Amino acid sequence: MLDRLAGWLGPVPVIVADAGYGRSVGFRQTLEDRGWSYVVAVDPKEVVQSEAAAPYRPSYGGLGPPTRPCYRTRPRPLSAMSDAGPRFEEVVWRQGSKGAMTSHFAVLQVRPAGKLAHHAAQ
């Protein structure tokens, strides 16, 4: 449906979704694959890797299936990552009858973790 909308409207400025879609690693991965900017709500229990984490591939011993990429650190809940002092940005989403409608949102850049995200990375 989003592809059809993008074909009709042209370039997609930003996709905004609630936690129902934010919970779906496949949905977020699809948005990434298309190069679309997006903001999604996620459950604080969602497990993530830090932005700096990078998967590595252990050396292959020659027996059995080839080794798969993995992270050197364990994933942590998103709520634990927010303790590091996230940056807050003011967002204006529209003009209301009494002026600009704004709020402040925490900005965290992380890598998704968990089984579905691990499978997508491989």
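User: Which residues of helix α3 are buried?

Analyst: This is a predicted model. In helix α3, residues 25–34, the buried residues are Val25, Phe27, Arg28 and Leu31.

User: What is the order of the strands in the open sheet?

Analyst: Strands of a sheet pair through backbone hydrogen bonds, either parallel or antiparallel. Here 3 strands run in the order β4-β3-β7, with antiparallel pairing. β4 (76–77) and β7 (110–112) stand at the edges. Each has a single partner strand, so one side of each is left without a neighbour in the sheet. β3 (residues 47–50) pairs with β4 over 2 bridges. Val48 stands opposite Arg76 in β4.

User: How many salt bridges are there?

Analyst: Side chains of opposite charge can pair when their charged atoms come close. The count here is 2 salt bridges. One joins Arg34 and Asp3, at 2.6 Å from N to O. Arg34 is in helix α3 and Asp3 in helix α1, 31 residues apart. Another joins Arg28 and Glu46, at 3.6 Å from N to O. Arg28 lies in α3 and Glu46 in the loop between β2 and β3, so this pair ties together parts 18 residues apart in sequence.

User: Are Arg28 and Glu46 buried or exposed?

Analyst: Both are buried. Arg34 counts as partly exposed, at 37% relative accessibility. Asp3 counts as partly exposed too, at 42%.

Technical notes
Residues numbered from 1 in each chain as written. Predicted model: local features only at pLDDT ≥ 70, side-chain atom pairs only at ≥ 80, totals over all residues. Heavy atoms only, no water. Buried < 20%, exposed > 50% of the residue type's maximum accessible area, 1.4 Å probe, protein only. Helix = DSSP H or I, 4+ residues; strand = E, 2+ residues; numbered from the N terminus. Pairing = 2+ DSSP bridges. Salt bridge = Lys/Arg side-chain N within 4 Å of Asp/Glu carboxyl O.
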